[in-house]
Amino acid sequence: MLSAARHIDEIARRVRRAGGALLFLDFDGTLAEIATTPESARMSARTRRALKACVARYRVAVISGRALADVRRKVGMRTVAYVGGHGTEYSIGRLRGVSGLPAALRASLRDAARRFLPLCKEYPGLRIERKPSSVSVHYRRLEPRALRSFARIARRLCTDIAAEGSLRIMFGKRVLEFMPAIGFGKGHAVGLLRRELDPRRTLPVIYIGDDTTDEEAFRALPREITVRVGVRRSSAARYVLRRRADVDLLLERLATL
Ligand SMILES: [Mg+2]
């Protein structure tokens, strides 16, 4: 992977040549530092300023695993397009919707949440979050001592759930995400956004994300400007930014093009 910081002029040239870009951004770990609880994550004043400047200049979308209403509240900018629940809920200009899940998938999600719920007593700090089309199991606040035994139990549950075939599991940063096995995800979301925001495909896409779920989006955008936050041995992204704070620098530069 190439350093986005070192290749910033190349990125800038491509955007200038096209006369703009679509800017797709993940939230947690990209626009905001990862926080101990999902509620406490927020953008810094600097990030907010840089993002606002980009919003004035580009079509911007924030794509998150959070519920749509939640991510929209966190960002709070009206002209931004929002995709929540890893692509299952969206608000893109006047286009709003929920990709309704079939009842069987909703039941599988409910069932996945139920299997983890009893662990909350045994593991204080464990949090099961039910979203419209996914379930997150947050284990960031677990005592380090409890992690190993939790991991053992979680692995077993994940194997069982995966074997049933209707859900897939994403292993994020101290979070397990259960979502429908097909037809959703951030890769699906970028397709939808592009169709809505740039139907003739004249603009390059800049996608910045930090986690496993973003890899699908990177793969769905093989010729675009994809940026992974945090160094990884393998990623489908073209560029890498070492630290979350480097995102601010990139946004600031894009805002001045
Ligand atoms: Mg993230």
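This is a predicted model: local features need pLDDT of at least 70, side-chain atom pairs count only at pLDDT 80 or more; totals for chains, interfaces and linings use all residues.
The buried residues of helix α7 are Lys186, Ala189, Val190, Leu193 and Leu197, where a residue is called buried if 20 or more other C-beta atoms lie within 10 Å of its own, exposed if 12 or fewer do, and partly exposed in between, with the C-beta atoms placed from the backbone. These residues cover an arc of only 100° around the axis, which puts them on the same side of α7; the arc is that of the directions from the helix axis to the C-beta atoms. Helices (H or I, at least four residues) and strands (E, at least two) are DSSP runs, numbered from the N terminus.

Residues are numbered from 1 along each chain as its sequence is written.

Helix α7 has 12 residues and reaches 16 Å from its first C-alpha to its last, close to the 16 Å expected at 1.5 Å a residue, the expected span being 1.5 Å times one less than the number of residues in the helix. What covers the buried residues of α7 includes the strands β2 (22–25), β3 (59–63), β4 (81–84), β5 (89–92) and β11, together with helix α8 (212–220). One of the covering strands, β3, holds Ala61, which is buried, with 25 other C-beta atoms within 10 Å. Not counting residues up to four places away in sequence, Ala61 touches Phe24, Val80, Ala81, Val83 and Leu193, where touching, or being in contact, is taken to be that the C-beta atoms of two residues, placed from the backbone, lie within 7 Å. Leu193 is also among the buried residues of α7. From Ala61 to Leu249 the distance is 188 residues in sequence and 18 Å in space, C-alpha to C-alpha.

In α9 (residues 245–255), the residues Val247, Asp248, Leu250, Leu251 and Leu254 are buried. They cover an arc of only 165° around the axis, which puts them on the same side of α9. These buried residues pack against helices α1 (8–18) and α2 (45–55) and against strands β11, β12 (225–229) and β13 (239–241).

Buried residues make up 42% of the 257 residues, and of the contacts with a separation of 6 or more, 58% are accounted for by residues 24 or more positions apart.

The chain is divided into domain 1 (2–99 + 184–255) and domain 2 (103–180), with bounds that come from an automatic or database domain assignment. The centres of the two domains, taken over C-alpha atoms, are separated by 26 Å, and 16 residues of domain 1 are in contact with 16 residues of domain 2. On the side of domain 1 that touches domain 2, the residues divide into 5 nonpolar, 9 polar and 2 charged; here Ala, Val, Leu, Ile, Met, Phe, Trp, Tyr, Cys and Pro count as nonpolar, Asp, Glu, Lys and Arg as charged, and the others, Gly among them, as polar.

Leaving aside its neighbours within four places in sequence, Met179 is in contact with residues including His86, Ser133, Leu167, Phe184 and Gly185, and its C-alpha is 8.9 Å from that of Gly85, although the two are 94 residues apart in sequence. Glu177 also has its place in β10 and is buried, with 23 other C-beta atoms within 10 Å. Among its contacts beyond four places in sequence are Gly65, Ser134, Ile169 and Thr213.

Arg174, in the loop between β9 (167–171) and β10 (175–180), has a positive phi of about 55° although it is not a glycine, and Arg174 is partly exposed, with 14 other C-beta atoms within 10 Å. Arg201, in the loop between α7 (186–197) and β11 (205–209), has a positive phi near 55°, and Arg201 is exposed, with 10 other C-beta atoms within 10 Å.
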